[in-house]
Amino acid sequence: MTLGPWRYWLPAGFGLWLALTALCSWQLGHRFQQQVTETLNTLLRDNTQSIALYHLETHSDSTQLAERINADLANLCAETRVSLLRDCHARVQRIDTIPFSGQKGTRALIDVELPEEYGLQSLSLNVFYDYHWAAVLSVTALLAALCLTAIAGLPRPMPPKQAQWQQTLQLAGLAKPDAKSAAHRLCQLPDTSQSAIRSLLDAELLPLAELHTLCEHPSAQTFSSTQWAWLEQALRRGEDLSRAIHIADCDEGIIFAPQRREVRIHGLPLSLPATPFIYYYWYAQRRVHDEAGWYINPAANRADRDNANALIALLEQFGGHGKAINDLREKGLRAKTLDQNRSKIKEELVRALGEPLAQGYLFDMERDPRTSRNKYRLSTPVERIHFDA
Amino acid sequence: MRAPIRLWLPYAGACIAILFIAFVSVSLVRQPLAPISLGDYASEFCETQSAAQNDATFQVLSLTSSYAQLFAQTLCDSPLVAQHFGSVKVTWRPRGFLTAQHIIEQDYHLIWNRDYLVHGLVPEFDDFYSAVAETVSYPVFWVGKKERPQLTQTYFANKRVGLLDDSYSQSFFQLPQQTLREAGIVLNDDQRRLYPSLQALYTAFNSGEVDIITSPGLQLWGLDANDAHTLALPHHSPPVTWYLSRPMADSPLLCEVVRALVRIPLFKEEPPSPQGPARSCAR
């Protein structure tokens, strides 16, 4: 549950508090006045005789009578633990035509018509009370806080995409609160990234524990679909997530490390069997050093001796199979050998990278018009081929 | 990215419902009233020195509020009274308030009323109370404006007479009507005006609502002495007696009470004369 930006909630809460306080104090006063008016009206009418007889057989000052009535009306509010009103009292303002002083700050005036039989006609009372602001504000603050807590706790409507993500993640086994926040984050990624991550989850390549890491990574915002494909492939090959991200971030290209018999394509390390590796290396060298990089397959009856020697040297240098070396020595470089190795290379690359990603690293074929034989070269452009010392 | 508007409607509805509940709750907050009761204003109350130990109250039934506070305080200050009572209450009521039940049950220790009234209520009144002091019989006067009243039909022909609406009242009800009847003067119903209190009666006289009233002595309330003309009624108002309940009349409290009575300025010119056993009280 997020509280959202404070700049909305704080003034809203404050406003709510004020509104509640205004309503509370108004209705407290209003209700109290009503009650008091009703009660005192009845009380005074019932006690008219007592008041009227005060002057029995004498013409004395009414001040004492007023004081006695005031004393009886000095505490109108019940003393509870949380009194919202205090200092509630009433004072006589007038008995018939005789006025009394001390009426400053009155909240209400009660006019009581008395039964005529006792000679009195009317009596007026002033009602006073004060708000116990500490109590009132506390009560309304509490209410406002409860209100806001309840509203903040309400489930917000979710964009359907986010709901979909949440469901997917929950089905995958993520706990609801985590699924919710992850879904929220995922929705903010570009569509490419979202579908890529979805397929990673479907293929069970991405452990749920690492979902957060991936989402938070800046690359998640910027990777193209090709880069996502590389990431997926890296994960398939058993790389951990951080390595996979690094790989996906690498440039297209091949890096040859013949000492380790390792070729790294788009950062992804592959190990080819010795002989195909050398042939791959040889084709790469040709591509780099020779402008076009094409090598026309030797004719069936005339094996290439020169290139055979070059290949033998490479094989010997980097631990190629004796059989391959002998084969070259005896028969020279034949089309069949090349075709076989290229086929092996293709097989390995496709197995390792999948057909679409492997495409840029296989071989181009053309028919040489002059000799009517096929010629092959490494598809990868020159600038993308590197050799590690 | 936000959900479309229609998905926000239930959320908005829930928010409004919560706010509504909050405002309704605030409207239900109330401050309860304390239980209020008005006292008996037609009485004076004070506590004696022994108020903490003694909750017995000395009850006095008077006919006027005049000097009731002074009388109560005098009794409260008395150490002898304090020996028996924790407080004193002087209540005043119209003459007709007293009932046979009050007398028989001795609700009041000291009663001020007229002889014929109390004996009329309870013939064996003397078994319950004994007379201890008596106020003098006093004269009553017709009071009119502009000219001196005359006890003639001619004079009364166009006059409105103000009376107290208390048939027990000598000065303000019985005596004036008795006097008129004896003089053969007949009044119409609308010439006779009844008022619920003395204050109302005197106010009516001052305002000119009635032309003629009666008054005991020469106590004129707020009347211009030059404007008031009087004529004495042929009969005096009968005396009013103080009665003390039997058991107390035989105790030392008797003299204490009489001493207090005598001090009331109401009777300054003519203090009540002790009756019966009270005569033996030292002055």
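Two strands pair if DSSP finds at least two bridges between them. Strands (E, at least two residues) and helices (H or I, at least four) are DSSP runs, numbered from the N terminus. This is a predicted model, where local features need pLDDT of at least 70, side-chain atom pairs count only at pLDDT 80 or more, and totals for chains, interfaces and linings use all residues. Residues are numbered from 1 along each chain as its sequence is written, chains are lettered from A and ligands numbered from 1 in the order in which they are written, and side-chain values use heavy atoms, without hydrogens and water.

**Exercise 1. Strand pairing in chain B**

Task: Find how many bridges join S2(B) to S3(B), and in which sense the two strands run.

Solution. 
- Locate the strands: S2(B) spans residues 57-62 and S3(B) spans residues 87-92.
- Count: six bridges join them, and the strands run parallel.
- Check one bridge: Thr57(B) has Ser87(B) as its partner in S3(B).
- Now take S4(B), residues 110-113: it pairs with S2(B) over two bridges, also in the parallel sense.
- Here Val60(B) stands opposite Leu110(B).

**Exercise 2. Two sheets in chain A**

Task: Give the strand order of the open three-stranded sheet of chain A, and say why one side of S8(A) and of S9(A) has no neighbour in the sheet.

Solution. 
- Read the order: S8-S10-S9, with antiparallel pairing.
- Find the edges: S8(A) (295-296) and S9(A) (363-367) each have a single partner strand, so one side of each is left without a neighbour in the sheet.
- Follow one pair: S8(A) and S10(A) (residues 374-378) are antiparallel over two bridges. Tyr295(A) stands opposite Tyr376(A) in S10(A).
- Contact means heavy atoms within 4.5 Å.
- Axes are lines fitted to C-alpha atoms, for helices over the stretch in contact, and angles run from 0 to 180 degrees between N-to-C directions.

Next comes the open sheet of four strands.
- Its order is S7-S6-S5-S11 in chain A, with mixed pairing.
- S7(A) (268-271) and S11(A) (385-387) stand at its edges.
- S6(A) (residues 262-265) and S7(A) are antiparallel over four bridges. Arg264(A) has Pro269(A) as its bridge partner in S7(A).
- H12(A) also lies across S5 (254-257), S6 and S11 of chain A, at about 115 degrees to S11(A).

**Exercise 3. The interface**

Task: Find how much area is buried between chain A and chain B, and which residues of chain A lose the most.

Solution. 
- Start with the residues: 55 from chain A and 45 from chain B take part in the contact.
- Define the area: buried area is the accessible area (1.4 Å probe) that two parts lose on being put together, summed over both.
- Read the value: about 4,600 Å², with 67% from carbon and sulfur atoms.
- Name the residues: Glu57(A), Arg68(A) and Pro157(A) lose the most area to chain B, together 14% of what that side buries.
- Look for charge: the rule finds one salt bridge across the interface. A salt bridge is a side-chain nitrogen of Lys or Arg within 4 Å of a carboxyl oxygen of Asp or Glu.
- Identify the pair: Glu44(B) and Arg68(A), with the closest N and O atoms 3.4 Å apart.
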